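Let's take a friendly walk through this model, from its metal site to its packing. Have the sequence and the coordinates at hand as you read.

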Amino acid sequence: MILPITVYGHPVLRKKAQPIDPNYEGLQELIKNMYDTMYNAEGVGLAAPQVNKSVRLIVFDSTPFQEDEPTLKDFKKVLINPEIVEIYGEDIDFNEGCLSLPGIREDVVRPSKIRIKYQDENFNSFEEEWDGIVARVVQHEYDHLEGKLFIDRILPIRRRLINGKLNAISKGKTQPDYRVVANK
Ligand code: NI
């Protein structure tokens, strides 16, 4: 089922999300719905606050980047209670977008590599090191769990330049191709 997406101005996007335990009701359905919602909106990653659930859950599928890197085909994961243990490598500039910020794209600098601990959809624990696009996507999605957005990481001058667009999104004047949660 495709869920409506929260956009800039919705308070859930600024809240720190809560851990999930194995008894969380409807978890498998929520994961499936998040994938449906992400694919429908042509996103590469989605964090639970973007479907109005303030819990520590991320899904991603890096397949759209397979032309840059063939190993990214079908590289998809569910990250429950992720913890970024280490962020390292060189700083890279990359043009980011976000389903919660329709119509906005900005260059964001982030380190190239991460070491992460997480649980999968069956609560098996993993610790892995990722780089490239996957490290980028996961850092972006992890920010959502901390109540952060990529526009918090751009230069103040760039932020001022997109202020009008942000206001339009928060007032519901921007209509993307997918369903959004109306801001109060
Ligand atoms: Ni995002």
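## Ground rules

Helices (H or I, at least four residues) and strands (E, at least two) are DSSP runs, numbered from the N terminus. This is a predicted model, in which local features need pLDDT of at least 70 and side-chain atom pairs count only at pLDDT 80 or more, while totals for chains, interfaces and linings use all residues. Residues are numbered from 1 along each chain as its sequence is written, and side-chain values use heavy atoms, with hydrogens and water left out.

Pro11 sits in the segment before α1. With a relative accessible area of 56%, Pro11 is exposed; here buried means under 20% relative accessible area, exposed over 50%, and partly exposed in between (1.4 Å probe, protein chains only). From C-alpha to C-alpha, Pro11 and Glu146 are 12 Å apart in space, although 135 residues apart in sequence.

## The nickel site

Which protein atoms are the donors of the nickel ion? They are Cys98 (SG), His140 (NE2) and His144 (NE2), at 2.1 to 2.2 Å from the ion. Donors are N, O and S atoms within 2.8 Å of the metal (3.2 Å for Na, K and Ca); water is not among the atoms, so sites may look incomplete.

Along the chain, the donors follow the spacing C-x41-H-x3-H. His140 and His144 are separated by about one helical turn, because they lie 4 residues apart in helix α2. His140 counts as buried, at 9% relative accessibility, and His144 is buried too, at 2%.

## The largest pocket

The largest pocket holds about 420 Å³ of space. A pocket is found on a 1 Å grid over the protein atoms alone, as an open set of points where a 1.4 Å probe fits, with protein on both sides within 12 Å along at least five of seven lines; lining residues have an atom within 4 Å of a point. Grid points are joined across faces, edges and corners, and the volume is the space filled by probe spheres set on the points.

Of the 23 lining residues, Val44, Glu96, Gly97, Cys98 and Arg105 lie nearest the centre of the pocket. The elements giving two or more residues to this lining are β3 (76-96) and α2 (132-145), and α2 provides the largest share, 5 residues.

## Two nonpolar cores

In soluble globular proteins, nonpolar side chains tend to be buried together. A nonpolar core is a set of buried Ala, Val, Leu, Ile, Met, Phe, Trp, Tyr and Cys residues joined through side-chain atoms within 4.5 Å. The largest one here has 21 residues, and Ile31, Met34, Leu57, Val59 and Ile80 have the most contacts inside it. Two or more residues each come from α1 (27-40), β2 (57-61) and β3, with α1 giving the most, 6 residues. A second, separate core of 20 residues includes Ile114, Trp130, Ala135 and Leu145.

Thr37 belongs to helix α1 and counts as buried, at 1% relative accessibility. Beyond residues up to four places away in sequence, Thr37 touches Met1, Ile2, Leu3, Ile5, Leu46 and Val51, where contact means heavy atoms within 4.5 Å.

Leu101 lies in the loop between β3 and β4 (106-119). Is Leu101 buried or exposed? At 0% relative accessibility, Leu101 counts as buried. Apart from neighbours within four places in sequence, Leu101 is in contact with Tyr8, Leu149, Phe150, Ile151, Leu166 and Ile169.
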